[in-house]
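Please open the model in your viewer and keep the selection tool at hand, as this tour moves from one site to the next.

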Amino acid sequence: MSDLRESLNQTREEFEKKIKEIQNLADIEKIRVEYFGKKGKLTGVLRGMGNLTPEERPEAGKMVNEVRAKMEEVFAQSQAKMKALESSYKLKKEVIDVTLPTHYEGCGARHPLNNAINEICDIFLGLGYSIGEGPEVEYDKYNFELLRIPKGHPARDTQDTFYVSDNILLRTQTSGMQIRIMEELTKNGGKPPIKVVCPGKVYRQDTLDATHSPVFHQIEGLVVDKGVTMGDLVGSLRLFAKKLFGENTEVRLRPHHFPFTEPSVEVDLTCWKCGGKGCNVCKGEGWIEVLGAGMVHPEVLENCGIDSSVYSGFAFGIGVERTTMGRYGIDDIRLLYENDVRFLKQFK
Ligand code: PHE
């Protein structure tokens, strides 16, 4: 019995000394095996209990349990301490200084076409216009019919259309937005004034080459109010041109024909490269064609429930690709759609 007490105390003292010296979780595991394992020291001492008399056993059992509980408590505390220590060490080691400079991966930029659209729309926003958007898959009646381009009209041939079905198509122009905007207003009893620009994609069955693409962008403009005149149209376009290309930019109108405007014009601006002298960008002309425009045809107003004896309006359609290409001296429209990073990088 006293032998047992002796060796128990010895084991415990030795254990407590060792556990004070541990450095990490691996050490603590070693101690676990050394003392509490199947072949461990404490287990060995307990085995010695086999030599005791039955009378001695209860007291010995009590003693052993007490010592073991104490040792286990010390062990658990050290283990917890080591775990905390190791995890704080790990956290310290893995800390990341987010303020350190890093390898620069490069930053994207807006596509030149979106840039142009934003810039142009911003100018009109500044002139009090609002911005509208509509579907690229459009009804025939909005794209053609209500714009005075009935089935069989020759204007349909100049805009080779992608048809989805008999009366649904990919819009060939943003002019359908004129109808949508006016109809939306009057169907709820609203009345002009209207001042809106509508940017968007349009589609035509053109074979892709340096100057043609089956998809391109237009910005439609529409102003309807009492007493709107051709003079207002010219004034607005002149303002727009000067804001976009500089004070010296001039506007030139050439008579043209669109079924939905009367009179109709094609509008040229003085070349933004040579200022009108003639160069490679304007092909020696000094002028670049940028948009189609005109006074909204009275029948179109009436088609949308607007009294053409009270109201008049003008409309214009800006070719975004043409403006962008001219501006940056891009000579191939395909560059705008291939998304070649070497090309796009130049517009940062
Ligand atoms: N929609 C015409 C085109 O695509 C342009 C235009 C718009 C003309 C508005 C007049 C008024 O060619």
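By class, the lining of the second largest pocket comprises six nonpolar, five polar and four charged residues, where Ala, Val, Leu, Ile, Met, Phe, Trp, Tyr, Cys and Pro count as nonpolar, Asp, Glu, Lys and Arg as charged, and the others, Gly among them, as polar. This is a predicted model, in which local features need pLDDT of at least 70 and side-chain atom pairs count only at pLDDT 80 or more, while totals for chains, interfaces and linings use all residues. Residues are numbered from 1 along each chain as its sequence is written, and side-chain values use heavy atoms, with hydrogens and water left out.

Select next Asn114, Ile117, Gly200, Lys201 and His217, which of the 15 lining residues are the closest to the centre of this pocket. Helix 5, strand 5 (194–203), strand 6 (215–225) and helix 12 (335–338) each supply at least two residues of that lining.

Is His111 buried or exposed? With a relative accessible area of 17%, His111 is buried, a term that means under 20% (1.4 Å probe, protein chains only). Its side chain reaches the backbone oxygen of Leu336 at 2.9 Å.

Finally, select the ligand, which is surrounded by 14 residues, the closest being Gln173, Ser175, Arg204, Gln218 and Glu220. A nitrogen atom of the ligand lies 2.8 Å from a side-chain N or O atom of Gln173, and for Ser175 a ligand nitrogen is likewise found at 2.8 Å from such a side-chain atom.

Methods:
Buried means under 20% relative accessible area, exposed over 50%, partly exposed in between (1.4 Å probe, protein chains only). A polar contact is a pair of N or O atoms within 3.5 Å; within protein, one must be able to donate a hydrogen and the other to accept it, and residues adjacent in sequence count only if both atoms are side-chain atoms. On a 1 Å grid over the protein atoms alone, a cavity is a set of points where a 1.4 Å probe fits but cannot get out, and a pocket is an open set with protein on both sides within 12 Å along at least five of seven lines; lining residues have an atom within 4 Å of a point. Helices (H or I, at least four residues) and strands (E, at least two) are DSSP runs, numbered from the N terminus. A residue is near a molecule or strand if one of its heavy atoms lies within 4 Å of it.
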